[in-house]
Amino acid sequence: MKLSIPSVLLSVIAVFASEHHHGHDHDHGEQMPLDYVKFPYEQPLYRTSTGEVTADAIFSGITTFAKLPWVQCLTSQRDVPVDIAFLGAPFDTGTSYRPGARFGPSGIRAGSRRLNLYGGYNVPLEANPFKSGYRIVDCGDIPVTPYDSAYAVKQIEAGHKSILQRAAFMPVTNDSETGEPLDPIALDGKSHPRIITLGGDHTITLPLLRSINSVYGPISVIHFDSHLDTWKPRVFGGAPSDTAAVNHGTYFWHASQEGLIRNGSSIAICPFEQHGAIRTTLSGLEDYEVDDEVGFQRIEAREIDTLGVDGIVKKIHETVGTRPVYLSIDIDSIDPAFAPATGTPETGGWTTRELRAILRGLDGLQIVSADLVEVAPAYDTNAELTTMAAADVLFEVLTVMTKNPLGKVKAKMN
């Protein structure tokens with residue numbers, strides 16, 4: 001008996017054959033789901049037209065940060081303007097203890113899958129960053145070689161700079177508190193995207209600061225970490241070569257020598273940089289002297305017992321003032337009881353709740369860009385404690401960014 005192929009199946013085969021015949025001539029946009037929205041601020045990402053939450057969407061599609069749209073910012077879509085970009089830097093050749101942070105970007109993205117599931121409203125900050133009007137995207141990862149750390153550092157700087165130096169999608173508007181018109185703070189008088197970089201070990205902050213310097217000049221820094229990261233190369237690593245001298249414990253020393261941070265290498269009378277969560281052992285008290293020369297004030301992790309969250313937030317604001325600031329967060333600022341998956345864990349740190357509260361306290365500051373580093377997922381628990389903590393920390397950072405437009409009021413330019 002001869003079997004006949006149903007007409008419906010024949011139609012499907014014909015369509016497939018037609019698309020296959022045309023090869024790469026078709027637009028990839030044709031493959032998108034019917035309800036696909038490229039930029040999520042246009043409508044809620046996980047809801048149907050009737051408002052129903054579609055929770056199954058959390059498991060489908062490629063894993064971007066908070067299910068944001070993936071824009072290939074470094075290649076075919078480099079002409080798409082954005083306001084805030086998540087960018088991976090999968091590098092860990094500069095770590096001194098446990099490797100694995102090259103998998104940090106993918107781990108953080110996996111930990112962020114639920115952030116926007118029910119709309120993304122940040123209750124303590126009374127804002128929804130995903131509905132702020134900014135074009136927020138995930139630009140994927142910078143291609144980084146694992147074989148040559150000196151070359152990788154150049155790759156990271158070039159990738160970050162290629163996005164940062166573009167014009168932002170939405171021009172600077174008005175001050176969030178006074179409503180007064182703002183002028184851009186970049187050296188060229190233009191508005192540029194803000195980039196949140198997913199590390200990677202902390203070495204990546206050096207090329208990122210080089211990129212920041214190309215747009216903003218020397219910048220103030222807020223640094224959350226259990227370690228100083230201002231060691232001279234001869235102290236941390238021994239500097240057997242120029243390449244080895246640049247690592248995740250020396251990058252701020254190099255940044256100060258290059259004039260990338262506001263105080264450079266001069267002794268700071270009024271520091272503009274701030275460490276938080278410090279609790280490491282030292283090679284000696286000379287380490288603090290070098291830290292002073294680089295320009296940092298320190299908040300030891302144990303000070304939260306005396307100052308509390310509000311006291312720490314106040315100290316940060318007093319140090320940084322109204323200056324534009326770069327934010328660098330090492331996940332090891334959180335105690336390993338809450339975030340075990342990191343390259344150099346130190347006990348006695350802050351809880352995830354404490355760090356998130358402190359970050360919310362940065363509301364009012366102009367954060368030009370940020371990074372979160374040293375997440376090494378291989379050391380995490382099956383419950384993904386560290387990657388979820390990292391994602392939630394960046395949710396706070398993102399919200400603060402969207403609440404505080406980058407710009408300066410003309411009357412306060414000095």
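In the predicted model described here, the backbone nitrogen of Thr 387 lies 3.3 Å from a polar atom of the side chain of Asp 380, which is a polar contact (a pair of N or O atoms within 3.5 Å, where, within protein, one must be able to donate a hydrogen and the other to accept it, and residues adjacent in sequence count only if both atoms are side-chain atoms). Because the model is predicted, local features need pLDDT of at least 70 and side-chain atom pairs count only at pLDDT 80 or more, while totals for chains, interfaces and linings use all residues. Residues are numbered from 1 along each chain as its sequence is written, and side-chain values use heavy atoms, with hydrogens and water left out.

Asp 380 is placed in the loop between β9 and α9; helices (H or I, at least four residues) and strands (E, at least two) are DSSP runs, numbered from the N terminus. Asp 380 is buried and yet has no salt bridge, the nearest side chain of opposite charge being that of Arg 98, 8.9 Å away. Here buried means under 20% relative accessible area, exposed means over 50%, and partly exposed lies in between (1.4 Å probe, protein chains only). A salt bridge is a side-chain nitrogen of Lys or Arg within 4 Å of a carboxyl oxygen of Asp or Glu, and for charge Lys and Arg count as positive and Asp and Glu as negative, whereas His and the chain ends are not counted. When neighbours within four places in sequence are left aside, Asp 380 is in contact (heavy atoms within 4.5 Å) with Pro 340, Ala 341, Leu 385, Thr 386 and Thr 387.

Across the whole protein, 9 helices and 10 strands are found, and buried residues make up 52% of the 414 residues. Of the contacts with a separation of 6 or more, 77% are between residues 24 or more positions apart.

The axes of α2 (residues 104–111) and α9 (residues 385–403) come within 7 Å and cross at roughly 75°; axes are lines fitted to C-alpha atoms, for helices over the stretch in contact, and angles run from 0 to 180 degrees between N-to-C directions. The two helices α2 and α9 are therefore roughly perpendicular to each other, as angles under 35 degrees count as roughly parallel, over 145 as roughly antiparallel, 65 to 115 as roughly perpendicular and the rest as oblique. Helix α2 is mostly covered, with 6 of its 8 residues buried, namely Gly 104, Pro 105, Gly 107, Ile 108, Arg 109 and Gly 111. The cover over these buried residues includes β1 (84–89), β2, β4 (194–199), β9 (367–373) and α9.

A search of the whole structure finds 15 salt bridges. In one of them, Asp 138 is joined to Arg 109, with the closest N and O atoms 2.7 Å apart; this pair links distant parts of the chain, as Asp 138 belongs to strand β2 (residues 136–141) and Arg 109 to helix α2, 29 residues apart. Both Asp 138 and Arg 109 are buried. Arg 298 and Asp 291 likewise meet in a salt bridge, at 2.8 Å from N to O, and both of these residues are buried.

A further salt bridge, at 3.6 Å from N to O, is formed by the side chains of Arg 356 and Asp 392. Distant parts of the chain are linked by this pair, Arg 356 being in helix α8 (residues 352–360) and Asp 392 in helix α9, 36 residues apart. Arg 356 is partly exposed, with a relative accessible area of 21%, and Asp 392 is partly exposed at 22%. Salt bridges that share partners join Arg 356, Arg 360, Asp 392 and Glu 396 into one network.

Arg 279, in the loop between β6 (273–276) and α6 (286–294), is buried yet has no salt bridge, and the nearest side chain of opposite charge, Asp 332, is 5.3 Å away. The side chain of Arg 279 does, however, reach the backbone oxygen of Ala 277 at 3.2 Å and the backbone oxygen of Glu 346 at 2.7 Å.
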